[in-house]
Amino acid sequence: MPSCFYGDLMNVRAAAANVLFQVVDKGQSLSNVLPAAQQTIRPRDHALLQEICYGALRYLPRLESIANQLMDKPLKGKQRVFHHLILVGIYQLSFMRIPPHAAVGETVEGTKDLKGPRLRGLINAVLRNYQRNQEQLDQQAVSHDAGKYGHPSWLLNLLKTSYPEQWQSIVEANNQKAPMWLRVNRQHHTREQYLALLDAQDIEYQLHPQAQDAIKLLSPCDVHSLPGFEQGWVSVQDAAAQLSVDYLTPQNGELILDCCAAPGGKTAHILEHTENTQVVAIDCDDQRLRRVHENLSRLNLSAEVICGDARTPNQWWKGEQFDRILLDAPCSATGVIRRHPDIKWLRRAQDIESLAKLQSEILDAMWQQLKPGGTLVYATCSITPQENRQQVTDFLARTDNATLSGSEVSNPGRQILPGEEDMDGFYYAVLIKQA
């Protein structure tokens, strides 16, 4: 983080500009950068910072187009963060209900914390100019597809090719705020029992027709205001991710592997559904495995957590073959853009091919760890065919003892698109190893 993140509490617009700079220019993850930035501002401004950062990343090409029209030459080098401060100002004026004078004034004040008071006049002039010519500038900004749809050209082209009938609805879903889904821990309550607790606190909700533990809150809330959250009665997890347990169908007393398990939501869900089950959770990222330990601790659940490379299981597993394996493979995450809008700008077209190769290697390695007669569920939070249906088609073609369950070989697995039943985009395929 730039040094201005430290010391006295920051102007929230300056903090937002720094976050955008780190994500867009430096390729950092919003999930890592935003929490650090929130530590530099007042707690009451946390939601505002999140709204600005998420919103600006959703509509980045549109904001960039407007900024470029308003400036004679781009800000470069050490001044790049002030370019992002301008984007912060434009986003507020275009999309937020903040009074324009406050949006402009607070954004201009951000130059102090960013140590660029000489740019105060420039930023004020750019934002005032946008106010005067907003309608015309907005029309020009959406005259091209990237500005109109808020997606990079390569991703739009992929969506148009893969989903010619649905690509526009996918884009629209990606640009929406994600809902808050809960997963009820059936070790403590049935879903109906937990609904009674929500009713008692006048928390409004909807149910999912298939995911039996899922509840969607009509208005997101702080998790600590949920009944029994600290006691592990409920967790936050999208309904699409909760369906993993429906496809895996874990049974009591089995040996089950959750491969690429961090942050541990699916590991916990398996344990919540079974008794006397040994679950092994493996991931190659030691930092992310901390989340697995934290989640299991809060839920008072136990699993064997291992840091290792899924492509080389012989290096970290000497035990028996597994009854069931959930392989939530590393992927492009193109199904969860509404939760992580930075994915649109961090991913590149060439990433899909390299990820598909990695997935193939992991799938082959995991298959050797599955008992004859066992079940492997291949899952991703992607919507690209190369990572999903084509991946499974290729696996079946090269694996004699693998059969597909629950879908046709001509169209293997289930592709959930973003927004379907208000879920994230997800893919599942159930594979059975012949005895």
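In the unreviewed UniProt entry, the annotation "binding site" covers Cys260, Ala261, Ala262, Pro263, Gly264, Gly265, Lys266, Asp283, Asp309 and Asp328. The structure examined here is a predicted model. Two of the annotated residues, Ala261 and Asp328, are described in turn below.

Ala261 is found in a loop, with strand 5 (255-259) on one side and helix 15 (265-273) on the other. The relative accessible area of Ala261 is 6%, and because buried means under 20%, Ala261 is classed as buried. Setting aside residues up to four places away in sequence, Ala261 touches Thr267, Ala281, Ile282, Asp283 and Val292.

Asp328 belongs to strand 8, which spans residues 322-328. Its relative accessibility is 14%, so Asp328 also counts as buried. When neighbours within four places in sequence are left aside, Asp328 is in contact with Cys259, Cys260, Lys266, Ala379 and Thr380.

Strand 8 continues the description into a set of paired strands. Strands of a sheet pair through backbone hydrogen bonds, in either the parallel or the antiparallel sense. Strand 8 and strand 9 are paired in the parallel sense, with six bridges, and Leu326 stands opposite Val377 in strand 9. Strand 9 comprises residues 370-380 and is mostly covered, since eight of its eleven residues are buried. Strand 9 also pairs with strand 12 (residues 426-433), here in the antiparallel sense and again over six bridges. In this pairing, Thr375 stands opposite Ile432 in strand 12.

A further group of strands forms an open sheet of four strands in the order 2-3-1-4, with antiparallel pairing. Strand 2 (205-207) and strand 4 (234-236) are at the edges, and each has a single partner strand, so one side of each lacks a neighbour in the sheet. From one strand to the next, the twist averages 30°. Within this sheet, strand 1 (residues 180-184) and strand 3 (residues 214-217) run antiparallel and are joined by four bridges. Trp181 stands opposite Lys216 in strand 3. Helix 12 (residues 191-200) lies across strand 1, strand 2, strand 3 and strand 4, and runs at about 20° to strand 3.

The unreviewed UniProt entry lists residues 170-434 as "domain: SAM-dependent MTase RsmB/NOP-type". This span is 30% helix and 24% strand, and its end C-alpha atoms lie 37 Å apart.

A helix pair was also examined. Two packed helices are described by the angle between their axes and the distance between the axes. For helix 7 (residues 120-132) and helix 8 (residues 134-141), the axes come within 5 Å and cross at roughly 90°. Because angles of 65 to 115 degrees count as roughly perpendicular, helix 7 and helix 8 are described as roughly perpendicular to each other. In the contact, Asn129, Tyr130, Gln131 and Arg132 of helix 7 meet Gln134, Leu137 and Asp138 of helix 8. The residues of this contact divide into two nonpolar, three polar and two charged.

Technical notes:
Residues numbered from 1 in each chain as written. Predicted model: local features only at pLDDT ≥ 70, side-chain atom pairs only at ≥ 80, totals over all residues. Heavy atoms only, no water. UniProt positions renumbered as here; feature names shortened; annotations may be inferred. Helix = DSSP H or I, 4+ residues; strand = E, 2+ residues; numbered from the N terminus. Buried < 20%, exposed > 50% of the residue type's maximum accessible area, 1.4 Å probe, protein only. Contact = heavy atoms within 4.5 Å. Pairing = 2+ DSSP bridges. Axes fitted to C-alpha atoms, helices over the stretch in contact; angles between N-to-C directions. Parallel < 35°, antiparallel > 145°, perpendicular 65-115°, else oblique. Nonpolar A, V, L, I, M, F, W, Y, C, P; charged D, E, K, R; others polar.
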